[in-house]
Amino acid sequence: MTKLLFSLLLLNSFNKATSTLNVFETLSFVRKARISPLAVLNVASTLDSAVPSENAKGRGYGRVSSTEYILSPEQIESFYRDGCVTLPDVLTQEEVDELEVVFDKFLSREIPVPGKDFCDMSKPFNTPFDEWSIVNCMLPTKYYPSWQNNIYEQITSHIAQQLFPTKTMAKDYDQLLNKRPGKTDAVFAWHQDMGYWPTPTALNGMNDTSTVTFSLAVDDSTEENGCLRYVVGSGMSKELRPHVPMGKTRDDAHALTIELEPSEEVRLAPCPRGSVTIHDEYVVHGSGGNTCEDRQRRTYVLAYRSKEIVEAERSIGFTHSHNDQVNWDTFNDDASHRVGNKD
Ligand SMILES: O=C(O)CCC(=O)C(=O)O
């Protein structure tokens, strides 16, 4: 009886926070996603505090000023329930035009990026530049500091704070990606971002993992040129699945991958130029190859985590640079989720 009352209380709380699902839909969703009552409670309480204030509602949603974008309750709900959502028209075309100039200087190597921070995310590190399929540039604002605090950083920092109003969200890392035209092997393998990062054990027990990762479409991102795709609701249980290195070792290639169950619902996240997708740290995601002969897919990634997590990462020497001298296979966290290799 107590258990039943407890479950009903949780469902009511979850339902109130998500507002669009009725009890039966909520029950079915929770059961299908195999979510623990504790996870439901966590999400419900975060949603309660992340609902936009009356003040925000009065000003409308979306891009309300030169530096502010206000999330709607539906966008916040989708982020917490599905793990990923597309935010339309975050930047204007003119703002993207300006960012694009610098972006292309990284791609042409006019702005140099050292070592493994300039690599292909789908192939071994020793692949010749001409043969790359997904050009990956880590930490652009580290290598080009005058880009810091650009319009994309200003707007996303405001959005990150709306999603986690009780925390101080800090920029953790940035990254540029380009899927070259006609590269059908420009596949970003299925993964959870937490698979790449030090776990709470490695961060001295810091068990908060709060993250929002933004991906700005610099080009229209569609199924044809390999837009983001994700397994709906897969991050809600906050469980890390076993990841396998794509190469023989992490020194050979950086990427990790996981297997999907055939029954899992995959959803595409197309995103027009100037719009942004946001995703969380546990949602299973990746992207397909670029089948367009005449269209690249450039994406500007920017991730925010709570200030305490960023500080804990830095304290163990983890900066998201692929040149970090950390143990990429374990981060000294006894990680059972980064295992073996693919062969
Ligand atoms: O945009 C993509 O294709 C994948 C990027 C990704 O996996 C990430 O930013 O975590």
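**Entry 1: β9 and its partners**

I looked up strand β9 (residues 228-231) and found it joined to strand β12 (residues 266-269) by four bridges, the two running antiparallel. Helices and strands here are DSSP runs, numbered from the N terminus: H or I of at least four residues for helices, E of at least two for strands. Two strands pair if DSSP finds at least two bridges between them. The model is a predicted one: local features need pLDDT of at least 70, side-chain atom pairs count only at pLDDT 80 or more, and totals for chains, interfaces and linings use all residues. I count residues from 1 along each chain as its sequence is written.

I then checked β9 against β14 and found three bridges, again antiparallel. Which residues stand opposite Tyr-230? In β12 I found Arg-267, and in β14 I found His-285.

**Entry 2: the four-strand sheet**

I traced an open sheet of four strands in the order β7-β14-β9-β12, with antiparallel pairing. β7 (188-191) and β12 are at the edges with a single partner strand each, so one side of each has no neighbour in the sheet. Neighbouring strands of this sheet are turned by 25 degrees against each other on average, direction ignored. Axes are lines fitted to C-alpha atoms, for helices over the stretch in contact, and angles run from 0 to 180 degrees between N-to-C directions.

I also looked at β7 with β14: two bridges, antiparallel. Phe-188 has Ser-287 of β14 as its bridge partner.

**Entry 3: the seven-strand sheet**

I followed another open sheet, this one of seven strands in the order β3-β13-β8-β15-β6-β5-β4, with antiparallel pairing. β3 (84-87) and β4 (118-120) stand at its edges; each has a single partner strand, so one side of each is left without a neighbour in the sheet. The twist averages 25 degrees from one strand to the next.

Inside this sheet I looked at strand β6 (residues 169-179), which ten bridges join to β15 in the antiparallel sense. Ala-170 stands opposite Arg-305 in β15.

**Entry 4: helices across the strands**

I found helix α5 (residues 73-82) lying across β3 and β13 (276-279), at about 150 degrees to β3. Helix α8 (residues 151-163) lies across β6, β8 and β15, at about 45 degrees to β15.

Why is α5 largely enclosed by the rest of the structure? Eight of its ten residues are buried. A residue is buried if 20 or more other C-beta atoms lie within 10 Å of its own, exposed if 12 or fewer, and partly exposed in between, with C-beta atoms placed from the backbone. The buried residues of α5 include Ile-76, Phe-79 and Tyr-80. Just after α5, I noted Gly-83 with a positive phi of about 95 degrees.

**Entry 5: the cores**

I looked up the largest nonpolar core and found 63 residues; Leu-216, Tyr-230, Ile-278 and Tyr-300 have the most contacts inside it. α8 gives the most to this core, with five residues. Apart from it lies another core, of six residues, including Leu-203 and Ile-309. Such a core is a set of buried Ala, Val, Leu, Ile, Met, Phe, Trp, Tyr and Cys residues joined through C-beta atoms within 7 Å.

I came back to Tyr-230. Leaving aside neighbours within four places in sequence, Tyr-230 is in contact with Gly-83, Cys-84, Arg-267, Ala-269, His-279, Val-283, Val-284 and His-285. Contact means C-beta atoms, placed from the backbone, within 7 Å.

**Entry 6: around the ligand**

Which residues surround the ligand? I listed Leu-177, Phe-188, Asp-193, Thr-213, Ser-215, Leu-228, His-285, Ser-287, Thr-299 and Val-301. A residue counts as near a molecule if its C-beta atom, placed from the backbone, lies within 6 Å of it. β8 (211-217), β14 (285-287) and β15 (297-306) each supply at least two residues of this shell. The shell divides into four nonpolar, five polar and one charged. Ala, Val, Leu, Ile, Met, Phe, Trp, Tyr, Cys and Pro count as nonpolar, Asp, Glu, Lys and Arg as charged, and the others, Gly among them, as polar.

**Entry 7: positive phi in loops**

Most residues other than glycine have a negative phi. I found Asp-89 with phi near 50 degrees, in the loop between β3 and α6 (93-107). Asp-89 is partly exposed, with 14 C-beta neighbours inside 10 Å. Lys-238 has phi near 55 degrees and sits in the loop between β9 and β10.

Conventions:
Contact = placed C-beta atoms within 7 Å.
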